[in-house]
Amino acid sequence: MRSVFKVVENRRESEWTHTIFFDAEIESQPGQFMMVWLPRLGEKPFTLSYPNAVTVKKAGAFTENLAALAPGDEIGLRGPLGQGYPPLKKPALIGGGVGIAELRLLALASEEPSFVLGGRTADEILFYEEFRELGPVHVATEDGALGHKGLVTELLPVEADSYAVCGPERMMAACLPKLPAERTYFAIERYMKCAVGLCGQCTCSGWRVCTDGPIFPAAAVAQMDDFGKRRRSKSGKWETI
Amino acid sequence: MIPLPRIDPPLINASGILSYPEVFTAFESAGACLGGYVTKSVGPREKPGNDNPVVVYPPDGAVLNSLALPTQSAEDWERDLEEIKLKKAKLIVSVYGGDSLEFAEVTGRMSRFSDAIEVNLGCPNKEPGEQTIMESIGQNPALSAEVIERVRGETDKPVIAKLSPNSDYLAVAESCMNAGADALGCGNTLGPGLAVDIRSRAAILAGTTGGISGPALKPVNLRMTYEAYARFRCPIVAYGGIETWEDAVEYILAGASVLGIGTAFMRKSTHEAAALTREIWEGIQEYLDGEPMSAIIGAAHRSAEGGGSHA
């Protein structure tokens with residue numbers, strides 16, 4: 001369940017983002033997550049970007065440490081955990097920021113994927129060249145450096161048989177009304193503690209994201225009053241999204 | 001003594017499991033067979049609890065947790081509980097504090113929302129630099145009694161004293177019953193224990209140690225239930241490793257009238273967890289075969305004395 005592996009490569013994807021490869025391949029369903037443990041430093045949820053790697057954006061002490069791991073360093077993993085995506089036909093994979101990393105394994109598992117990707121700048125559009133080999137890629141950047149200048153939601157709707165959305169929650173909430181409820185899936189993120197359904201910390205309108213999700217059908221998400229609005233912080237106190 | 005509310009079916013979640021009112025309503029809508037829900041322990045002021053990892057489970061060893069009582073403030077809990085919309089299930093609010101005055105303060109705020117107050121006397125977890133409730137209060141009969149007495153003064157709801165298996169629990173229970181407790185909770189997690197990762201040579205839990213739950217806890221809290229029932233013949237809410245209807249029946253025969261489920265929900269979606277509660281309750285009912293549950297509560301004692309219908 002919990003294993004400690006050796007880092008074999010630290011690949012810089014952009015100024016803020018690194019992919020950390022380790023010496024084991026994890027069999028998981030796209031969308032499931034791993035609790036990444038740095039002994040003595042902490043543990044946080046990540047979705048695999050490769051069977052043997054996670055992609056991390058530097059956003060605090062833990063992610064700075066994770067992004068700085070060098071070959072030979074240790075990385076602990078617990079998982080895979082949670083419910084992933086069902087098999088998707090001709091999906092449009094809609095990603096924002098580091099959420100794009102989670103779409104990589106889903107793209108490889110899907111037939112005829114297309115991509116709708118957004119970021120602040122071109123640097124944030126992870127795996128751009130690789131995705132272009134798999135299918136059409138539509139990009140929006142806030143500074144206009146690549147693709148449409150503006151938000152990813154401005155590229156919607158797009159034609160596809162199904163949709164998977166992974167990104168900042170406000171972006172996902174803006175996508176919700178623009179996509180068909182019966183063929184769309186969202187990846188919800190919350191502060192997690194146990195990550196196995198015990199503590200209730202990661203609730204989104206009562207659904208424990210760690211075990212009921214993190215992938216939820218849009219029809220369920222549309223019923224969640226908390227989605228796009230509020231989440232519980234480490235103490236349990238509500239904070240606004 | 002104030003009787004416990006009718007918790008029907010007599011199954012609840014354990015405090016610190018599921019934790020929040022919106023999770024309870026999701027379980028209730030999913031058809032969970034839980035007649036009551038227990039909040040995570042409400043403290044007087046906001047506290048984040050330990051950093052991650054906060055949980056270890058097999059094959060690392062027994063199930064350990066070191067959440068260390070994270071809580072929003074009692075005022076924020078009041079706002080949350082005002083919103084709760086349970087259709088049928090009862091709500092039990094678990095309370096804690098650093099001393100008897102804090103326990104009383106939280107009870108005063110929580111009483112109006114609750115059908116019973118559970119007093120957490122035995123949490124074995126702490127943030128670095130703290131003392132655990134088990135160490136500061138739960139092992140001390142006089143201090144535990146002081147807590148119960150002050151809590152009793154703040155509520156007209158039944159008061160459940162939840163004991164630590166790491167205490168002279170019969171002595172603590174006796175002083176709690178004398179101080180006005182209506183029921184006993186048997187009991188909190190055991191230990192705490194330790195898990196070490198041999199590759200990184202580090203303690204796994206950020207809080208170093210953690211309370212032991214799950215199957216490893218069952219024989220310990222079953223014994224506590226048995227001994228507490230033998231001594232007090234009072235209502236007992238039992239917790240510890242209840243995963244099947246057989247586990248539940250063992251606790252009932254030992255003396256429990258309400259069964260708490262915790263670790264058994266591990267890795268289960270809401271629908272899977274709800275199905276587990278239905279299986280447990282159906283199993284208990286089949287075992288009862290038409291008899292009321294009250295007829296077999298504590299039956300293991302009667303058979304030890306050579307009588308009773310299940311002897």
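Okay, some housekeeping. Residues are numbered from 1 along each chain as its sequence is written, and chains are lettered from A, with ligands numbered from 1, in the order in which they are written. Since the model is predicted, local features need pLDDT of at least 70 and side-chain atom pairs count only at pLDDT 80 or more, while totals for chains, interfaces and linings use all residues.

Let's start with chain A. Chain A has six helices and 18 strands; here helices (H or I, at least four residues) and strands (E, at least two) are DSSP runs, numbered from the N terminus. Along the principal axes, the C-alpha atoms fill a box of roughly 45 × 40 × 30 Å. The radius of gyration, taken over C-alpha atoms, is compared with a globule rule of 2.2 Å times the number of residues to the power 0.38. For 241 residues a compact globule would come out near 18 Å, and chain A has 17 Å, so the two agree.

How much of chain A is buried? Of its 241 residues, 53% count as buried. By that I mean 20 or more other C-beta atoms within 10 Å of the residue's own; 12 or fewer is exposed, in between is partly exposed, and the C-beta atoms are placed from the backbone. As for contacts, two residues are in contact if their C-beta atoms, placed from the backbone, lie within 7 Å. Looking at contacts in chain A with a separation of 6 or more, 55% are between residues 24 or more positions apart.

Next, the domains. Domain bounds come from an automatic or database domain assignment, and for chain A that assignment gives domain 1 (2-81) and domain 2 (91-235). Domain 1 puts 15 residues into the contact and domain 2 puts in 17. On the domain 1 side, the elements giving two or more residues are β3 (33-38), β5 (48-50) and β6 (53-57) of chain A. That side divides into six nonpolar, six polar and three charged residues. In this scheme Ala, Val, Leu, Ile, Met, Phe, Trp, Tyr, Cys and Pro are nonpolar, Asp, Glu, Lys and Arg are charged, and the others, Gly among them, are polar.

Now find the open sheet in chain A. Seven strands line up as β11-β10-β9-β8-β12-β13-β16, with mixed pairing. Its edge strands are β11 and β16 (215-217), each pairing on one side only. Two strands pair if DSSP finds at least two bridges between them. At the β16 end, β13 (residues 184-187) and β16 of chain A pair antiparallel over three bridges, and A:Y185 has A:P217 as its bridge partner.

Most residues other than glycine have a negative phi, and most peptide bonds are trans. The bond from A:G79 to A:P80 is cis, with omega near 5 degrees, and A:P80 sits in strand β7 (residues 74-81) of chain A. Another cis bond runs from A:L156 to A:P157, with omega near 0 degrees; A:P157 is in the loop between β11 (148-149) and β12 (162-166) of chain A. Then there's A:E112, not a glycine, with a positive phi of about 50 degrees. A:E112 is partly exposed, with 13 other C-beta atoms within 10 Å.

Over to chain B. B:L18 also has a positive phi, near 70 degrees, without being a glycine. Is B:L18 buried or exposed? It counts as buried, with 32 C-beta neighbours inside 10 Å.

Strand β12 (residues 209-213) of chain B has four of its five residues buried, so it is largely enclosed by the rest of the structure. Strand β4 (residues 63-65) of chain B runs antiparallel to β12(B), joined by three bridges, with B:V63 opposite B:S213. Strand β9 (residues 190-194) of chain B also pairs antiparallel with β12(B) over three bridges, and there B:L190 partners B:I212.

Last stop, the interface. How many residues of chain B touch chain A? There are 39, in contact with 30 residues of chain A. Helix α1 (residues 21-29) of chain B gives the largest share of the chain B side, four residues. By class, that side has 17 nonpolar, twelve polar and ten charged residues.
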